[in-house]
Amino acid sequence: MTKSLKVICPNGHLGFAPLKTESFRIAVEAGTDYIAADSGSDDIGPVPLGSDTCASPRAWQEHDLEVMLLAARKTGKPMIIGSAGDTGTNSRVDMYVEIIRDLARKHDLAPFRLGWFYSEVDKEAVRASIRGGSPVRGLDGRPDLDEAELDATDRIVAMAGVHPFRALLEEGCDVIIGGRSSDSAIFAAAALHEGFPDAQAYYLGKVLECASFCAEPYGAKETVMGEITPEWVEVTAMHPEQRCTVASVAGHAMYERSNPFHEYVAGGLLDMTNCHYEQVSEKTTRVTGMKFVPAEEFRVKLEGSGRLGARFVGMAGIRDPYTIANVDAVIEWARTQVRERFGDDGWELHYNVFGRNGIMGEMEPLKDKPAHELLIVVQGVAPTREMAEELTITGTRQLFYARLPEVKGTAGGVSFVFDEVMEASPGCRWTLNHTMAVNDPLALFPTHSEIVGSDVLETA
Amino acid sequence: MMTTKKLSELAKTIRSKNAGTDKITFDVIFRERDVYAMVKRSGALTRASVSALFNIGDNRITDFVEYDPAYAIKFTILRPRPSGSPGDPDIFGAQQYAPLLDVDVTVDA
(Lines give C-alpha, C1' and ligand atoms only; values in the text may rest on other atoms or scores of the structure.)
Protein backbone atom coordinates (compact mmCIF):
# COMPACT_ATOMS: atom_id res chain seq x y z
CA MET A 1 0.00 0.00 0.00
CA THR A 2 1.22 3.51 -0.82
CA LYS A 3 2.16 5.64 2.11
CA SER A 4 -0.16 8.63 2.16
CA LEU A 5 -1.21 11.58 4.31
CA LYS A 6 -4.61 13.27 4.53
CA VAL A 7 -5.21 16.96 5.31
CA ILE A 8 -8.57 18.73 5.48
CA CYS A 9 -9.35 22.41 5.00
CA PRO A 10 -12.73 23.75 6.13
CA ASN A 11 -12.39 27.41 5.20
CA GLY A 12 -10.38 29.41 2.67
CA HIS A 13 -10.31 32.48 4.93
CA LEU A 14 -11.03 31.40 8.48
CA GLY A 15 -13.44 33.73 10.25
CA PHE A 16 -14.25 35.93 7.22
CA ALA A 17 -17.52 33.96 7.00
CA PRO A 18 -18.16 30.99 9.32
CA LEU A 19 -17.23 27.49 8.13
CA LYS A 20 -20.07 25.04 7.38
CA THR A 21 -20.05 22.38 10.11
CA GLU A 22 -21.75 19.45 8.30
CA SER A 23 -19.10 18.81 5.62
CA PHE A 24 -16.41 19.41 8.25
CA ARG A 25 -17.98 16.71 10.47
CA ILE A 26 -18.11 14.29 7.52
CA ALA A 27 -14.42 14.93 6.80
CA VAL A 28 -13.35 14.40 10.41
CA GLU A 29 -15.33 11.14 10.58
CA ALA A 30 -13.78 9.96 7.31
CA GLY A 31 -10.39 10.29 9.03
CA THR A 32 -7.69 12.90 8.55
CA ASP A 33 -4.08 13.36 9.70
CA TYR A 34 -4.10 17.19 9.89
CA ILE A 35 -6.70 19.97 10.11
CA ALA A 36 -5.53 23.27 8.65
CA ALA A 37 -6.78 26.63 7.40
CA ASP A 38 -5.53 30.06 6.49
CA SER A 39 -7.11 33.09 8.10
CA GLY A 40 -5.54 35.84 6.03
CA SER A 41 -5.88 37.74 2.81
CA ASP A 42 -4.65 40.94 1.25
CA ASP A 43 -8.03 41.14 -0.51
CA ILE A 44 -9.46 43.10 2.37
CA GLY A 45 -7.53 46.24 1.50
CA PRO A 46 -4.84 48.10 3.45
CA VAL A 47 -6.98 49.30 6.40
CA PRO A 48 -6.76 46.23 8.71
CA LEU A 49 -2.95 46.10 8.41
CA GLY A 50 -2.55 49.89 8.58
CA SER A 51 -4.73 50.24 11.68
CA ASP A 52 -3.99 46.79 13.21
CA THR A 53 -7.60 45.65 13.24
CA CYS A 54 -9.54 42.61 11.99
CA ALA A 55 -11.82 42.54 8.96
CA SER A 56 -13.85 39.72 10.49
CA PRO A 57 -16.08 39.75 13.59
CA ARG A 58 -14.37 38.05 16.54
CA ALA A 59 -17.40 35.76 17.08
CA TRP A 60 -16.95 34.16 13.64
CA GLN A 61 -13.24 33.64 14.21
CA GLU A 62 -13.92 32.04 17.60
CA HIS A 63 -16.59 29.83 16.01
CA ASP A 64 -14.21 28.41 13.41
CA LEU A 65 -11.35 27.99 15.89
CA GLU A 66 -13.66 26.22 18.36
CA VAL A 67 -15.03 23.78 15.76
CA MET A 68 -11.53 22.96 14.51
CA LEU A 69 -9.88 22.78 17.95
CA LEU A 70 -12.49 20.41 19.40
CA ALA A 71 -12.17 18.07 16.39
CA ALA A 72 -8.37 18.21 16.49
CA ARG A 73 -8.11 17.47 20.20
CA LYS A 74 -10.76 14.72 20.05
CA THR A 75 -8.93 12.90 17.26
CA GLY A 76 -5.43 13.80 18.49
CA LYS A 77 -4.48 15.28 15.10
CA PRO A 78 -2.49 18.52 14.69
CA MET A 79 -4.30 21.74 13.83
CA ILE A 80 -2.52 24.50 11.89
CA ILE A 81 -3.74 28.07 11.32
CA GLY A 82 -1.91 30.66 9.24
CA SER A 83 -2.24 34.45 8.96
CA ALA A 84 -4.14 34.86 12.22
CA GLY A 85 -6.92 37.42 12.31
CA ASP A 86 -6.88 38.48 8.62
CA THR A 87 -3.49 40.25 8.66
CA GLY A 88 -1.21 38.01 10.75
CA THR A 89 0.15 40.94 12.79
CA ASN A 90 1.54 40.28 16.27
CA SER A 91 -1.60 41.50 18.00
CA ARG A 92 -3.76 39.15 15.88
CA VAL A 93 -1.49 36.17 16.70
CA ASP A 94 -1.76 37.03 20.41
CA MET A 95 -5.53 37.27 20.06
CA TYR A 96 -5.77 33.79 18.49
CA VAL A 97 -3.41 32.30 21.09
CA GLU A 98 -5.65 33.77 23.80
CA ILE A 99 -8.78 32.36 22.09
CA ILE A 100 -7.18 28.87 22.01
CA ARG A 101 -6.23 29.13 25.72
CA ASP A 102 -9.80 30.23 26.57
CA LEU A 103 -11.33 27.40 24.54
CA ALA A 104 -9.07 24.85 26.24
CA ARG A 105 -10.29 26.12 29.61
CA LYS A 106 -13.93 26.31 28.54
CA HIS A 107 -13.93 22.70 27.31
CA ASP A 108 -11.54 21.40 29.97
CA LEU A 109 -9.27 19.93 27.28
CA ALA A 110 -6.46 17.54 28.18
CA PRO A 111 -3.02 19.20 28.01
CA PHE A 112 -1.57 19.90 24.55
CA ARG A 113 1.32 21.90 23.15
CA LEU A 114 0.37 25.20 21.57
CA GLY A 115 2.90 26.86 19.28
CA TRP A 116 2.86 30.24 17.58
CA PHE A 117 5.10 32.55 15.60
CA TYR A 118 5.18 36.23 14.71
CA SER A 119 5.56 37.82 11.28
CA GLU A 120 5.79 41.56 11.90
CA VAL A 121 8.96 43.19 10.63
CA ASP A 122 10.60 46.20 12.25
CA LYS A 123 10.87 49.12 9.83
CA GLU A 124 14.47 49.60 10.91
CA ALA A 125 15.37 46.06 9.78
CA VAL A 126 14.03 46.94 6.33
CA ARG A 127 15.92 50.25 6.39
CA ALA A 128 19.10 48.38 7.30
CA SER A 129 18.63 46.14 4.28
CA ILE A 130 18.24 49.16 1.97
CA ARG A 131 21.24 50.97 3.49
CA GLY A 132 23.28 47.78 3.50
CA GLY A 133 23.04 47.56 -0.27
CA SER A 134 20.50 44.73 -0.43
CA PRO A 135 17.60 46.28 -2.36
CA VAL A 136 14.05 45.61 -1.21
CA ARG A 137 12.68 44.75 -4.61
CA GLY A 138 9.26 45.81 -5.85
CA LEU A 139 6.71 43.28 -7.11
CA ASP A 140 4.09 43.78 -9.83
CA GLY A 141 5.83 46.73 -11.45
CA ARG A 142 6.62 48.61 -8.22
CA PRO A 143 10.03 50.26 -7.96
CA ASP A 144 12.51 49.11 -5.31
CA LEU A 145 11.60 50.46 -1.88
CA ASP A 146 13.07 53.81 -0.92
CA GLU A 147 13.23 55.30 2.56
CA ALA A 148 10.48 57.86 1.87
CA GLU A 149 7.99 55.07 1.12
CA LEU A 150 9.26 53.16 4.16
CA ASP A 151 8.70 56.25 6.32
CA ALA A 152 5.11 56.44 5.03
CA THR A 153 4.52 52.88 6.26
CA ASP A 154 2.90 52.11 9.62
CA ARG A 155 3.10 48.32 9.75
CA ILE A 156 4.90 45.55 7.84
CA VAL A 157 4.34 41.80 7.87
CA ALA A 158 6.55 39.20 6.20
CA MET A 159 4.97 36.27 4.39
CA ALA A 160 6.19 33.08 6.09
CA GLY A 161 6.89 29.95 4.10
CA VAL A 162 6.91 26.45 5.56
CA HIS A 163 9.88 27.08 7.88
CA PRO A 164 8.32 28.35 11.14
CA PHE A 165 5.47 25.83 10.84
CA ARG A 166 7.97 23.01 10.41
CA ALA A 167 10.04 24.23 13.36
CA LEU A 168 6.95 24.15 15.59
CA LEU A 169 5.91 20.70 14.30
CA GLU A 170 9.45 19.49 15.12
CA GLU A 171 8.88 20.75 18.68
CA GLY A 172 5.82 18.51 18.85
CA CYS A 173 3.17 21.23 18.76
CA ASP A 174 -0.42 20.00 18.53
CA VAL A 175 -1.91 23.38 17.66
CA ILE A 176 -0.07 26.08 15.70
CA ILE A 177 -1.11 29.71 15.24
CA GLY A 178 0.85 31.45 12.51
CA GLY A 179 1.51 35.08 11.76
CA ARG A 180 1.25 36.17 8.11
CA SER A 181 1.95 33.13 5.94
CA SER A 182 1.66 31.89 2.36
CA ASP A 183 -1.64 30.04 2.16
CA SER A 184 -0.07 26.98 0.59
CA ALA A 185 2.80 26.82 3.14
CA ILE A 186 0.43 25.91 5.97
CA PHE A 187 -0.51 22.62 4.29
CA ALA A 188 2.85 22.02 2.62
CA ALA A 189 4.58 22.24 6.03
CA ALA A 190 2.53 19.28 7.29
CA ALA A 191 3.36 17.18 4.22
CA LEU A 192 7.07 18.10 4.32
CA HIS A 193 7.20 17.33 8.04
CA GLU A 194 5.90 13.84 7.24
CA GLY A 195 8.58 13.33 4.57
CA PHE A 196 6.71 13.95 1.31
CA PRO A 197 8.48 15.61 -1.63
CA ASP A 198 8.43 19.39 -2.25
CA ALA A 199 6.42 19.43 -5.48
CA GLN A 200 3.56 17.29 -4.18
CA ALA A 201 3.60 19.05 -0.79
CA TYR A 202 3.31 22.57 -2.24
CA TYR A 203 0.68 21.44 -4.73
CA LEU A 204 -1.32 19.95 -1.84
CA GLY A 205 -1.22 23.39 -0.22
CA LYS A 206 -2.10 25.18 -3.41
CA VAL A 207 -5.19 23.07 -4.06
CA LEU A 208 -6.48 23.07 -0.45
CA GLU A 209 -5.94 26.71 0.51
CA CYS A 210 -9.37 27.97 -0.58
CA ALA A 211 -11.30 24.93 0.72
CA SER A 212 -14.36 24.22 -1.49
CA PHE A 213 -13.44 26.79 -4.15
CA CYS A 214 -11.75 23.84 -5.91
CA ALA A 215 -15.10 21.95 -6.02
CA GLU A 216 -18.32 22.32 -7.96
CA PRO A 217 -21.11 23.35 -7.92
CA TYR A 218 -20.07 26.65 -6.32
CA GLY A 219 -20.52 26.74 -2.55
CA ALA A 220 -17.97 28.38 -0.27
CA LYS A 221 -16.87 27.44 3.26
CA GLU A 222 -17.31 23.68 2.78
CA THR A 223 -14.56 21.24 3.72
CA VAL A 224 -12.33 19.51 1.16
CA MET A 225 -9.82 16.73 1.81
CA GLY A 226 -6.41 16.43 0.20
CA GLU A 227 -4.38 13.24 0.12
CA ILE A 228 -0.69 13.16 -0.79
CA THR A 229 1.68 10.34 -1.79
CA PRO A 230 5.18 10.66 -3.23
CA GLU A 231 3.61 10.44 -6.72
CA TRP A 232 0.30 12.30 -6.67
CA VAL A 233 -2.15 14.56 -4.88
CA GLU A 234 -5.86 13.78 -4.75
CA VAL A 235 -8.54 16.21 -3.68
CA THR A 236 -12.06 15.20 -2.61
CA ALA A 237 -15.13 17.32 -1.90
CA MET A 238 -16.70 16.48 1.46
CA HIS A 239 -20.08 18.18 0.98
CA PRO A 240 -22.65 15.60 -0.23
CA GLU A 241 -23.61 17.78 -3.22
CA GLN A 242 -20.11 18.87 -4.27
CA ARG A 243 -17.49 17.14 -6.41
CA CYS A 244 -13.87 17.87 -7.25
CA THR A 245 -13.73 17.54 -11.02
CA VAL A 246 -10.91 17.98 -13.52
CA ALA A 247 -12.52 21.29 -14.52
CA SER A 248 -13.01 22.57 -10.96
CA VAL A 249 -9.53 21.58 -9.76
CA ALA A 250 -7.69 22.80 -12.88
CA GLY A 251 -9.83 25.94 -12.81
CA HIS A 252 -8.89 26.66 -9.22
CA ALA A 253 -5.23 26.92 -10.21
CA MET A 254 -6.19 30.22 -11.87
CA TYR A 255 -8.14 31.73 -9.01
CA GLU A 256 -6.86 35.07 -7.66
CA ARG A 257 -3.54 34.61 -9.44
CA SER A 258 -2.05 36.36 -12.40
CA ASN A 259 -0.65 33.17 -13.89
CA PRO A 260 -2.12 29.65 -13.56
CA PHE A 261 1.20 27.86 -14.06
CA HIS A 262 3.47 29.37 -11.40
CA GLU A 263 3.09 29.84 -7.64
CA TYR A 264 5.93 31.63 -5.84
CA VAL A 265 6.57 30.79 -2.18
CA ALA A 266 9.39 31.69 0.20
CA GLY A 267 12.16 29.38 -0.98
CA GLY A 268 11.00 28.45 -4.45
CA LEU A 269 8.47 28.12 -7.22
CA LEU A 270 5.70 25.56 -7.73
CA ASP A 271 5.50 24.88 -11.46
CA MET A 272 2.08 23.57 -12.56
CA THR A 273 2.75 23.85 -16.32
CA ASN A 274 2.76 20.08 -16.89
CA CYS A 275 0.12 19.13 -14.34
CA HIS A 276 -2.12 16.27 -15.41
CA TYR A 277 -5.64 16.01 -13.99
CA GLU A 278 -7.59 12.76 -13.80
CA GLN A 279 -11.06 12.01 -12.41
CA VAL A 280 -10.48 8.90 -10.27
CA SER A 281 -13.94 8.71 -8.66
CA GLU A 282 -17.11 10.73 -8.56
CA LYS A 283 -15.90 13.27 -5.99
CA THR A 284 -12.13 12.97 -6.41
CA THR A 285 -9.57 14.30 -8.89
CA ARG A 286 -5.93 13.14 -8.95
CA VAL A 287 -3.13 15.50 -10.02
CA THR A 288 0.36 14.51 -11.19
CA GLY A 289 3.20 16.25 -13.02
CA MET A 290 3.83 19.18 -10.64
CA LYS A 291 7.42 20.41 -10.16
CA PHE A 292 9.20 22.47 -7.52
CA VAL A 293 12.13 24.73 -8.39
CA PRO A 294 14.12 25.89 -5.34
CA ALA A 295 15.01 29.62 -5.32
CA GLU A 296 18.65 30.60 -5.73
CA GLU A 297 18.30 33.40 -3.21
CA PHE A 298 15.98 33.27 -0.19
CA ARG A 299 13.68 36.26 -0.50
CA VAL A 300 10.64 36.92 1.70
CA LYS A 301 7.62 38.85 0.53
CA LEU A 302 6.72 41.92 2.62
CA GLU A 303 3.30 43.58 2.88
CA GLY A 304 3.14 47.08 4.28
CA SER A 305 0.37 49.58 4.88
CA GLY A 306 0.57 53.27 5.71
CA ARG A 307 -2.09 55.46 7.30
CA LEU A 308 -2.92 58.51 5.19
CA GLY A 309 -5.24 60.15 7.68
CA ALA A 310 -8.74 60.28 9.15
CA ARG A 311 -11.54 59.61 6.68
CA PHE A 312 -15.17 60.73 6.37
CA VAL A 313 -17.77 59.81 3.75
CA GLY A 314 -20.70 61.76 2.30
CA MET A 315 -23.30 60.98 -0.37
CA ALA A 316 -25.40 62.98 -2.82
CA GLY A 317 -27.92 62.02 -5.52
CA ILE A 318 -28.73 63.69 -8.85
CA ARG A 319 -31.95 63.32 -10.92
CA ASP A 320 -31.93 66.44 -13.17
CA PRO A 321 -30.71 65.33 -16.65
CA TYR A 322 -28.93 68.64 -17.26
CA THR A 323 -27.07 68.35 -13.96
CA ILE A 324 -26.22 64.70 -14.77
CA ALA A 325 -24.75 65.81 -18.12
CA ASN A 326 -22.65 68.38 -16.23
CA VAL A 327 -21.77 66.34 -13.14
CA ASP A 328 -18.03 66.92 -13.63
CA ALA A 329 -18.58 70.68 -13.44
CA VAL A 330 -20.66 70.17 -10.27
CA ILE A 331 -17.81 68.22 -8.69
CA GLU A 332 -15.25 70.80 -9.80
CA TRP A 333 -17.31 73.54 -8.12
CA ALA A 334 -17.23 71.63 -4.82
CA ARG A 335 -13.49 70.94 -5.15
CA THR A 336 -12.86 74.62 -5.74
CA GLN A 337 -14.68 75.52 -2.51
CA VAL A 338 -12.51 72.97 -0.67
CA ARG A 339 -9.33 74.47 -2.19
CA GLU A 340 -10.37 77.96 -1.13
CA ARG A 341 -10.87 76.74 2.45
CA PHE A 342 -7.96 74.28 2.86
CA GLY A 343 -5.41 75.18 0.16
CA ASP A 344 -4.15 73.03 -2.68
CA ASP A 345 -2.66 70.09 -0.78
CA GLY A 346 -2.42 68.27 2.54
CA TRP A 347 -5.77 66.54 1.98
CA GLU A 348 -7.45 64.09 -0.40
CA LEU A 349 -10.96 64.28 -1.81
CA HIS A 350 -12.37 61.45 -3.96
CA TYR A 351 -15.62 61.32 -5.91
CA ASN A 352 -17.08 58.03 -7.20
CA VAL A 353 -20.02 58.72 -9.52
CA PHE A 354 -22.28 55.65 -9.38
CA GLY A 355 -24.67 55.38 -12.34
CA ARG A 356 -21.90 56.56 -14.65
CA ASN A 357 -18.50 55.00 -13.91
CA GLY A 358 -18.44 54.67 -10.13
CA ILE A 359 -17.24 51.06 -10.20
CA MET A 360 -14.83 51.01 -13.14
CA GLY A 361 -13.58 54.60 -13.38
CA GLU A 362 -11.61 55.27 -16.56
CA MET A 363 -11.96 51.61 -17.62
CA GLU A 364 -15.78 51.94 -17.96
CA PRO A 365 -16.75 51.56 -21.65
CA LEU A 366 -20.19 53.15 -21.00
CA LYS A 367 -18.95 56.21 -19.12
CA ASP A 368 -20.50 58.51 -21.75
CA LYS A 369 -23.95 56.99 -21.17
CA PRO A 370 -24.91 57.84 -17.58
CA ALA A 371 -28.14 56.53 -16.05
CA HIS A 372 -31.19 58.73 -15.33
CA GLU A 373 -30.07 59.11 -11.71
CA LEU A 374 -26.63 59.19 -10.12
CA LEU A 375 -25.20 58.71 -6.64
CA ILE A 376 -21.97 60.48 -5.80
CA VAL A 377 -19.93 59.00 -2.95
CA VAL A 378 -17.52 61.55 -1.49
CA GLN A 379 -14.47 60.58 0.58
CA GLY A 380 -12.31 63.10 2.38
CA VAL A 381 -8.96 62.22 3.99
CA ALA A 382 -6.99 64.64 6.17
CA PRO A 383 -4.43 64.56 9.01
CA THR A 384 -7.01 65.18 11.78
CA ARG A 385 -10.60 64.05 12.39
CA GLU A 386 -11.79 67.64 12.59
CA MET A 387 -10.23 68.61 9.27
CA ALA A 388 -11.40 65.41 7.53
CA GLU A 389 -14.95 66.05 8.72
CA GLU A 390 -15.07 69.68 7.59
CA LEU A 391 -13.33 68.81 4.33
CA THR A 392 -15.87 66.10 3.53
CA ILE A 393 -18.87 68.26 4.52
CA THR A 394 -17.57 71.01 2.25
CA GLY A 395 -16.94 68.56 -0.60
CA THR A 396 -20.44 67.11 -0.23
CA ARG A 397 -22.66 70.07 0.67
CA GLN A 398 -21.14 72.33 -1.97
CA LEU A 399 -22.48 69.91 -4.61
CA PHE A 400 -25.89 71.34 -3.56
CA TYR A 401 -24.78 74.89 -4.40
CA ALA A 402 -22.99 74.22 -7.70
CA ARG A 403 -23.60 77.01 -10.23
CA LEU A 404 -24.65 75.62 -13.61
CA PRO A 405 -25.70 78.36 -16.09
CA GLU A 406 -28.78 76.67 -17.62
CA VAL A 407 -30.14 74.76 -14.61
CA LYS A 408 -33.92 75.09 -14.07
CA GLY A 409 -33.88 73.88 -10.49
CA THR A 410 -32.38 76.71 -8.48
CA ALA A 411 -33.42 75.49 -5.04
CA GLY A 412 -30.71 72.80 -4.73
CA GLY A 413 -28.60 70.77 -7.17
CA VAL A 414 -28.49 67.37 -5.46
CA SER A 415 -30.57 65.15 -3.16
CA PHE A 416 -29.39 64.06 0.29
CA VAL A 417 -30.35 60.79 1.95
CA PHE A 418 -28.90 62.46 5.04
CA ASP A 419 -27.35 65.88 5.27
CA GLU A 420 -24.31 64.76 7.22
CA VAL A 421 -21.02 62.98 6.72
CA MET A 422 -20.02 59.74 8.43
CA GLU A 423 -16.71 58.77 9.94
CA ALA A 424 -15.16 55.78 8.15
CA SER A 425 -12.07 53.69 8.80
CA PRO A 426 -8.84 55.68 8.36
CA GLY A 427 -7.60 56.13 4.81
CA CYS A 428 -4.70 53.72 4.26
CA ARG A 429 -2.55 52.69 1.32
CA TRP A 430 -0.57 49.55 0.45
CA THR A 431 2.98 50.89 0.62
CA LEU A 432 4.90 47.60 0.42
CA ASN A 433 4.44 44.77 -2.03
CA HIS A 434 8.11 43.89 -2.13
CA THR A 435 10.63 41.16 -1.37
CA MET A 436 13.64 41.24 0.94
CA ALA A 437 16.60 38.85 0.99
CA VAL A 438 17.29 37.04 4.28
CA ASN A 439 20.03 34.60 5.23
CA ASP A 440 18.01 32.51 7.66
CA PRO A 441 14.46 31.43 6.67
CA LEU A 442 13.46 31.66 10.36
CA ALA A 443 15.04 35.06 11.02
CA LEU A 444 11.85 37.08 10.60
CA PHE A 445 9.56 34.54 12.32
CA PRO A 446 10.31 34.02 16.04
CA THR A 447 8.57 30.91 17.39
CA HIS A 448 7.15 30.19 20.87
CA SER A 449 5.32 27.30 22.49
CA GLU A 450 3.69 26.28 25.77
CA ILE A 451 1.58 23.51 27.27
CA VAL A 452 -2.10 24.47 27.47
CA GLY A 453 -5.04 22.81 29.16
CA SER A 454 -6.13 21.31 32.49
CA ASP A 455 -4.45 24.09 34.45
CA VAL A 456 -0.96 22.98 33.42
CA LEU A 457 1.42 25.91 33.30
CA GLU A 458 4.68 25.43 31.50
CA THR A 459 6.33 27.66 28.94
CA ALA A 460 9.04 26.53 26.58
CA MET B 1 -22.15 29.68 -41.97
CA MET B 2 -20.79 32.27 -39.54
CA THR B 3 -22.86 33.95 -36.87
CA THR B 4 -22.27 36.24 -33.90
CA LYS B 5 -22.82 35.40 -30.25
CA LYS B 6 -22.17 37.23 -27.01
CA LEU B 7 -19.34 35.87 -24.86
CA SER B 8 -21.88 35.50 -22.01
CA GLU B 9 -23.81 32.96 -24.15
CA LEU B 10 -20.70 30.85 -24.66
CA ALA B 11 -18.76 30.92 -21.38
CA LYS B 12 -19.62 29.09 -18.14
CA THR B 13 -17.81 31.61 -15.95
CA ILE B 14 -16.71 35.21 -16.52
CA ARG B 15 -15.15 36.77 -13.42
CA SER B 16 -12.63 39.25 -12.07
CA LYS B 17 -10.76 39.29 -8.75
CA ASN B 18 -7.68 40.75 -7.11
CA ALA B 19 -4.39 39.02 -7.77
CA GLY B 20 -2.46 40.62 -4.92
CA THR B 21 -2.67 44.29 -4.01
CA ASP B 22 -1.71 45.77 -7.37
CA LYS B 23 -3.41 43.61 -9.99
CA ILE B 24 -6.83 42.39 -11.08
CA THR B 25 -7.14 39.08 -12.92
CA PHE B 26 -9.93 38.07 -15.29
CA ASP B 27 -11.02 34.47 -16.01
CA VAL B 28 -13.24 33.39 -18.91
CA ILE B 29 -13.97 29.67 -18.53
CA PHE B 30 -15.83 27.39 -20.95
CA ARG B 31 -17.67 24.14 -20.29
CA GLU B 32 -16.84 22.42 -23.59
CA ARG B 33 -13.47 22.03 -25.26
CA ASP B 34 -14.84 22.85 -28.75
CA VAL B 35 -16.48 26.11 -27.61
CA TYR B 36 -13.19 27.10 -25.94
CA ALA B 37 -11.30 26.28 -29.13
CA MET B 38 -13.83 28.22 -31.23
CA VAL B 39 -13.50 31.36 -29.08
CA LYS B 40 -9.70 31.11 -29.24
CA ARG B 41 -9.90 30.82 -33.05
CA SER B 42 -12.31 33.76 -33.32
CA GLY B 43 -9.75 36.23 -32.02
CA ALA B 44 -12.45 37.96 -29.96
CA LEU B 45 -10.27 37.87 -26.83
CA THR B 46 -6.71 39.01 -27.38
CA ARG B 47 -4.36 41.45 -25.68
CA ALA B 48 -5.41 44.04 -28.27
CA SER B 49 -9.17 43.53 -27.90
CA VAL B 50 -8.98 43.59 -24.11
CA SER B 51 -6.79 46.69 -24.17
CA ALA B 52 -9.39 48.47 -26.37
CA LEU B 53 -12.40 47.22 -24.37
CA PHE B 54 -11.05 48.46 -21.02
CA ASN B 55 -9.41 51.57 -22.44
CA ILE B 56 -5.97 50.67 -21.05
CA GLY B 57 -2.53 50.62 -22.61
CA ASP B 58 -0.99 47.28 -23.52
CA ASN B 59 1.68 47.92 -20.86
CA ARG B 60 -0.97 47.52 -18.15
CA ILE B 61 -1.74 43.93 -19.26
CA THR B 62 0.82 41.85 -17.36
CA ASP B 63 -0.33 38.36 -18.40
CA PHE B 64 -2.50 36.94 -21.16
CA VAL B 65 -2.80 33.15 -21.09
CA GLU B 66 -4.82 30.50 -22.89
CA TYR B 67 -5.05 27.83 -20.21
CA ASP B 68 -5.98 24.56 -21.89
CA PRO B 69 -6.37 22.31 -18.80
CA ALA B 70 -9.36 24.39 -17.66
CA TYR B 71 -10.66 25.55 -21.10
CA ALA B 72 -9.99 29.09 -19.97
CA ILE B 73 -8.70 32.40 -21.26
CA LYS B 74 -7.11 34.46 -18.52
CA PHE B 75 -5.56 37.90 -18.39
CA THR B 76 -4.27 40.18 -15.65
CA ILE B 77 -4.02 43.96 -15.50
CA LEU B 78 -2.27 46.45 -13.24
CA ARG B 79 -4.66 48.54 -11.15
CA PRO B 80 -4.56 52.33 -11.49
CA ARG B 81 -3.81 52.41 -7.72
CA PRO B 82 -3.41 49.67 -5.07
CA SER B 83 -6.62 48.02 -3.86
CA GLY B 84 -8.48 49.85 -1.10
CA SER B 85 -6.68 53.19 -1.48
CA PRO B 86 -9.17 56.01 -0.82
CA GLY B 87 -11.22 56.41 -4.00
CA ASP B 88 -10.84 52.79 -5.12
CA PRO B 89 -14.46 51.68 -5.60
CA ASP B 90 -13.82 47.92 -5.89
CA ILE B 91 -11.51 46.68 -3.14
CA PHE B 92 -11.85 43.03 -4.21
CA GLY B 93 -11.78 43.81 -7.95
CA ALA B 94 -14.84 41.58 -8.24
CA GLN B 95 -17.05 43.76 -10.51
CA GLN B 96 -14.61 44.66 -13.28
CA TYR B 97 -15.56 41.83 -15.67
CA ALA B 98 -18.96 43.15 -16.82
CA PRO B 99 -17.82 44.60 -20.19
CA LEU B 100 -16.64 41.10 -21.19
CA LEU B 101 -20.22 39.76 -21.10
CA ASP B 102 -21.20 41.60 -24.28
CA VAL B 103 -18.09 40.91 -26.34
CA ASP B 104 -19.18 39.70 -29.80
CA VAL B 105 -17.71 36.37 -30.88
CA THR B 106 -17.90 35.19 -34.49
CA VAL B 107 -18.68 31.47 -34.40
CA ASP B 108 -19.36 28.63 -36.83
CA ALA B 109 -23.11 28.12 -36.69
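Guide: Let's start at A211(A), which has a relative accessibility of 0% and so counts as buried; buried here means under 20% relative accessible area, with exposed being over 50% and partly exposed in between, using a 1.4 Å probe and the protein chains only. This is a predicted model, in which local features need pLDDT of at least 70 and side-chain atom pairs count only at pLDDT 80 or more, while totals for chains, interfaces and linings use all residues. Residues are numbered from 1 along each chain as its sequence is written, chains are lettered from A and ligands numbered from 1 in the order in which they are written, and side-chain values use heavy atoms, with hydrogens and water left out.

Back to A211(A): it sits in the loop between α9 and β8 of chain A. Those labels come from DSSP runs (helices are H or I of at least four residues, strands are E of at least two), numbered from the N terminus. Most residues other than glycine have a negative phi, and most peptide bonds are trans.

That loop, between α9 (198-208) and β8 (224-228), also holds P217(A). The peptide bond between E216(A) and P217(A) is cis, with omega at about -5°.

There's another non-glycine with a positive phi: D86(A), at about 85°. D86(A) belongs to strand β3 of chain A, residues 79-86. With a relative accessible area of 0%, D86(A) counts as buried.

A positive phi also turns up just after helix α8 of chain A, where G195(A) takes about 95°. The helix itself, residues 183-193, is mostly covered, with nine of its 11 residues buried. Among those nine are I186(A), F187(A), A190(A) and L192(A).

Now for the packing. A nonpolar core here is a set of buried Ala, Val, Leu, Ile, Met, Phe, Trp, Tyr and Cys residues joined through side-chain atoms within 4.5 Å. The largest one has 73 residues, and those with the most contacts inside it include I80(A), V126(A), Y203(A), L208(A) and, from the other chain, Y67(B). Helix α8(A) gives the largest share of this core, eight residues. Nonpolar side chains tend to be buried together in soluble globular proteins.

Take I80(A) as a way in: beyond its neighbours within four places in sequence, I80(A) is in contact with residues including Y34(A), F165(A), L169(A), I186(A) and A190(A), where contact means heavy atoms within 4.5 Å.

Hop over to chain B and you'll find I56(B) in the loop between α3 (47-53) and β4 (61-67). I56(B) has a relative accessible area of 5%, so it is buried. Not counting residues up to four places away in sequence, I56(B) touches S51(B), I61(B) and I77(B), plus M363(A) from chain A.

Stepping back, chain A has 13 helices and 21 strands, and 55% of its 460 residues are buried. Its C-alpha trace spans about 85 × 50 × 45 Å along the principal axes. Of its contacts between residues at least 6 apart in sequence, 77% join residues at least 24 apart.

Chain B comes to four helices and six strands, in the order β-α-β-β-α-α-β-β-α-β. Of its 109 residues, 53% are buried. The C-alpha trace of chain B spans about 50 × 25 × 20 Å along its principal axes, and for contacts between residues at least 6 apart in sequence, the share joining residues at least 24 apart is 62%.
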